[in-house]
Number of protein chains: 2
Amino acid sequence: MISVVILGSGNLATHLTQAFLKADAINVTQVYSRNIKSINHLKKKTLITDNLKNLKNADVYIISITDDAIENFSKKLNLNDKLVVHTSGSIPLNSLKGNSFKGVFYPLQTFSKDKSISFKNIPICIESDSNNQLIILDKLAAAISNEVFIIDSKQREKLHLSAVFVNNFVNHLYEIGNSICMQNNVPFEILQPLIKETAKKIIELSPKEAQTGPAKRNDTEIIEKHLTLLTDNQKEIYKLLSASIINTHK
Amino acid sequence: MISVVILGSGNLATHLTQAFLKADAINVTQVYSRNIKSINHLKKKTLITDNLKNLKNADVYIISITDDAIENFSKKLNLNDKLVVHTSGSIPLNSLKGNSFKGVFYPLQTFSKDKSISFKNIPICIESDSNNQLIILDKLAAAISNEVFIIDSKQREKLHLSAVFVNNFVNHLYEIGNSICMQNNVPFEILQPLIKETAKKIIELSPKEAQTGPAKRNDTEIIEKHLTLLTDNQKEIYKLLSASIINTHK
């Protein structure tokens, strides 16, 4: 049994707490939030606190808060010889301060408070400054996911950067597609099968092989026509991405 | 039984021919290609020809060739009082010439020659200048798909434009994500569950609600750091899409 204390109550902290509470091999000893109201509903399942001086003993302390607050937060903890990890894709291991063992426990997925999610197929990227502690992190990750990867801080930074392109930016393109449809009384739902297939296609083909469309064909007539139909902001994005596709596939 | 002649042997023509051959309610009377070798394998299943003067009688003639060739190709057909349709998202109905009835039969999906696909859940957008012929097109579409939509040329143009954003451009962002991973010895496969979830998420949430990431949070520190890790081309795309997200969500 691995005991954990979760520090935070945001999107990821909430989903992690739920997953850990369900896992047989994990004991959620305590959840901390500076805003006790946000974790009040957990009272029946675990200890809760808003006071860092009251932290209980556990094998792993998981800081799951906004990126820029992690370093300062870690300085406030006084957990000598304990394992303290953060859950961020973009913050290096050595941003964690203090005399504890350090680690990273980064589930690479997009989390929304309103949408429940199973961790089983979510890759969890782990890292530690101690090999013994890395084994504990590996067990912790394996208790909720089938996909555990040992990834160092430099690789993780690039992975997170790549995730910005394939998740954040992709979703923004969905948003633009949605607004084009809405402005023209076309139900966006017609595009759902295309969106799903686009994501599925690159499991069998490389993104390079999967590329289609006017820019790939360098079909300037359609490209010019499309540009006349867009707002200024959409036009800029259309131009830049088309040029990049033409350049990559020439 | 609806009889069809398919004119073309590209990606979409090939997939359509396969789907029609399997459908009980459809008889594929003939397939035409100017390059007879590309349809030789269909010999055992239907008639083939490379001569437009030898076209057989059928209810529907489906032109499935490159967009810019459609108009001229339709002028060469002499199919008075027959229904002639094209399969393009971006070409208006009235680009079809001649004295035939005119229509559009546009399956909104991404097709690759090497990847087989079921039409059952692919939306098919139909249009015709004749209500009677539209009913035939509706039956033809319903014989292979559960998702049939009547969409006029103006709506279809916008739908196709939107598809460029959610398919072509999205795939290009996958390609950039892939190259960032490859340059840093991180397996791109780690990102597959994220990619799939990003596409699935917007079935439950609107793209606006689903948006996450540094630009959404206006986290300039991470954005600046990311920019130092990218090539010039990637940097331009990162900047423009981040600015667009910040602007949309402010």
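User: Which residues of helix α5 (residues 192-204) of chain A are buried?

Analyst: This is a predicted model, in which local features need pLDDT of at least 70, side-chain atom pairs count only at pLDDT 80 or more, and totals for chains, interfaces and linings use all residues. Residues are numbered from 1 along each chain as its sequence is written, while chains are lettered from A and ligands numbered from 1 in the order in which they are written. A residue counts as buried if 20 or more other C-beta atoms lie within 10 Å of its own, as exposed if 12 or fewer do, and as partly exposed in between, with C-beta atoms placed from the backbone. In α5 of chain A, the buried residues are A:Leu194, A:Ile195, A:Thr198, A:Ala199, A:Lys201 and A:Ile202.

User: What covers the buried residues of α5(A)?

Analyst: Helices are DSSP runs of H or I with at least four residues, and strands are runs of E with at least two, numbered from the N terminus. By that numbering, the cover includes α4 (153-183) and α6 (207-210) of chain A, together with, from chain B, α4 and α5.

User: How many residues of chain B are in contact with chain A, and which element gives the largest share of that side?

Analyst: Two residues are in contact if their C-beta atoms, placed from the backbone, lie within 7 Å. On this criterion 73 residues of chain B meet 74 residues of chain A. The largest share of chain B's side, 23 residues, comes from α4(B).

User: Is A:Ala25 buried or exposed?

Analyst: A:Ala25 sits in the loop between α1 (11-22) and β2 (26-32) of chain A. Leaving aside residues up to four places away in sequence, A:Ala25 touches A:Met1, A:Ile2 and A:Ala143. With 12 other C-beta atoms within 10 Å, A:Ala25 is exposed.
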